[in-house]
Amino acid sequence: MSREKSRIAPHVAVLPRSGIRKFFDVVAKSKGVVSLGVGEPDFDTPWHISRAAITSIEDGGTHYTSNLGTVELREAIARYLKRRFGASFDPGREILATVGVSEAIDLAVRALCSPGDEVIYHEPCFVSYSPTIRLAHAVPVAAETRAEDGFRLEPAALEAKVTPRTKAVLLNFPCNPTGATLSRGDMLEILRIAERHDLVVLADEVYSELNYDAPADEPLASFASFPEFRDRVVLLNGFSKSWAMTGYRLGYACGPEDVVGAMMKIHQYGIMSAPTPSQAAGVEAMDHGDPDVVRMREEYRRRRDFLVPALNEMGLGTVMPKGAFYAFADIRSSGLSDQEFALRLLEERAVAVVPGSAFGPSGAGYVRLSYATSMEKLRIAVERIAKFLGKQ
């Protein structure tokens with residue numbers, strides 16, 4: 001046994017299993033469960049987008065593309081970012097198509113960091129951030145966000161974590177798991193901090209279209225929207241959430257030519273290129289998918305506006321999320337830990353939620369509920385949670 005353990009690299013051996021996937025191994029064995037767990041749109045990919053992938057296959061689009069991605073996709077990304085965010089990127093040198101935004105995050109951290117460099121990220125956060133940083137032999141440094149602030153990252157709290165070893169800041173707003181967003185003012189102050197300390201901002205904006213307070217007639221807020229700081233920002237985004245394309249595994253990174261070029265070198269040796277039919281679908285999504293985004297976002301809003309007040313009425317204090325499709329509920333009034341709450345709710349009432357501690361230590365005492373599911377299932381879940389808490 002000791003010989004078997006010694007075969008695994010130490011920095012991999014110490015990585016924990018994903019708190020989400022570990023919990024859903026239990027869910028998979030249960031029957032009749034209403035799942036508010038996995039962060040995946042319940043909508044099918046809009047047909048015109050899927051049809052573009054099918055047409056690509058029928059037309060022989062089954063070969064490798066450029067390592068950077070097809071010219072058509074990179075040009076579509078550039079058009080979309082200019083139209084939606086007022087951001088400008090050169091499709092020939094500053095855009096890279098990746099296998100989901102997860103690969104883009106991994107590539108960015110590995111391209112920038114040397115062993116011992118520090119990367120600051122906010123917490124609670126997406127489960128992969130700390131492990132991804134560690135796999136690059138860098139050091140993850142968490143800046144805590146709090147419910148009292150709406151889980152908004154205070155720029156001063158971020159700057160307090162900066163040391164001479166800090167290389168980058170990895171941020172995800174709108175946020176998984178809290179649904180928090182940042183204002184343009186917050187973004188500008190964070191970029192000024194990055195300028196002062198010579199840092200790179202890695203902006204994971206995969207939920208950017210799911211921003212419920214964004215003005216309809218103005219560009220969406222993005223770290224890439226400030227041309228004076230364009231050399232400080234690597235934009236990381238994808239198609240999974242906005243266009244319900246999780247299975248297409250398509251994302252992208254945009255940023256300074258030297259950083260994108262370094263990311264591409266890692267990408268070409270590890271991946272080669274993103275799936276060719278998926279890239280065709282991505283072009284269709286970006287050029288013609290705005291109505292689909294609006295339709296899905298408004299349905300998520302309707303579900304949010306039902307679920308969050310219901311949780312608060314049950315005594316589970318929940319900040320109204322301004323983005324993404326998650327509610328992050330405070331369950332400490334139950335007297336249970338978040339792990340106990342989630343397991344007992346599953347076992348006793350067949351409702352699946354994710355323990356908040358899966359998103360970092362500062363998530364302890366909370367659970368994440370995804371409202372990327374039907375209103376019918378949300379109503380059933382609310383009834384079952386109320387019975388679990390003795391409210392019915």
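Trainee: Is Asp-198 buried or exposed, and how do you know?
Mentor: The model is a predicted one. In it, Asp-198 has 54% relative accessibility. Exposed means over 50%, so Asp-198 counts as exposed. The residue belongs to the loop between helix 9 and strand 6, and its phi is near 60°, a positive value in a residue other than glycine.

Trainee: What makes Ala-324 count as buried?
Mentor: Its relative accessibility is 0%. The term buried requires a value under 20%, and therefore Ala-324 qualifies. This residue, in the loop between helix 12 and strand 9, also has a positive phi, near 60°.

Trainee: Why is the pair of Tyr-207 and Tyr-326 called edge-to-face?
Mentor: Two values decide it. The ring centres are 5.8 Å apart, and rings pair if their centres lie within 6.5 Å.

Trainee: How do you know whether Tyr-207 and Tyr-326 are buried or exposed?
Mentor: Tyr-207 has a relative accessible area of 2%, and Tyr-326 has 0% relative accessibility. Buried means under 20%, so Tyr-207 is buried, and so is Tyr-326.

Trainee: What makes the pair of Phe-239 and Trp-243 tilted?
Mentor: The planes of Phe-239 and Trp-243 are 35° apart, and the centres 5.5 Å.

Trainee: How many aromatic pairs does the structure hold, and which residues form one aromatic cluster?
Mentor: There are 15 aromatic pairs. One cluster is formed by Phe-43, Tyr-207, Tyr-300, Phe-325 and Tyr-326.

Trainee: How do you know that the charged end of Arg-304 sits over the ring of Tyr-212?
Mentor: The charged end of Arg-304 is 4.7 Å from the centre of that ring, and the limit is within 6 Å, with a further condition of lying within 35 degrees of the ring normal. Arg-379 is likewise placed over the ring of Phe-306, at 5.6 Å from its centre.

Trainee: What makes Arg-297 buried, and which residues does Arg-297 contact?
Mentor: Its relative accessible area is 13%, and the term applies under 20%, so Arg-297 is buried. Arg-297 is found in helix 12 (residues 290-313). Leaving aside neighbours within four places in sequence, Arg-297 is in contact with Glu-209, Leu-210, Asn-211 and Tyr-212.

Trainee: How is the packing of helix 4 against helix 11 described?
Mentor: Two packed helices are described by the angle and the distance between their axes. The axes of helix 4 (residues 47-58) and helix 11 (residues 276-288) come within 8 Å and cross at roughly 145°. The crossing is right-handed. By class, the contact has eight nonpolar, four polar and one charged residues.

Trainee: What makes the bond from Glu-123 to Pro-124 cis?
Mentor: Its omega is near 0°. Phe-173 and Pro-174 are also joined by a cis peptide bond, with omega about -5°.

Methods
Residues numbered from 1 in each chain as written. Predicted model: local features only at pLDDT ≥ 70, side-chain atom pairs only at ≥ 80, totals over all residues. Heavy atoms only, no water. Phe/Tyr/Trp six-rings, centres within 6.5 Å; stacked < 30°, edge-to-face > 60°. Buried < 20%, exposed > 50% of the residue type's maximum accessible area, 1.4 Å probe, protein only. Helix = DSSP H or I, 4+ residues; strand = E, 2+ residues; numbered from the N terminus. Contact = heavy atoms within 4.5 Å. Axes fitted to C-alpha atoms, helices over the stretch in contact; angles between N-to-C directions. Left-handed = near helix turned anticlockwise from the far one by under 90°. Nonpolar A, V, L, I, M, F, W, Y, C, P; charged D, E, K, R; others polar.
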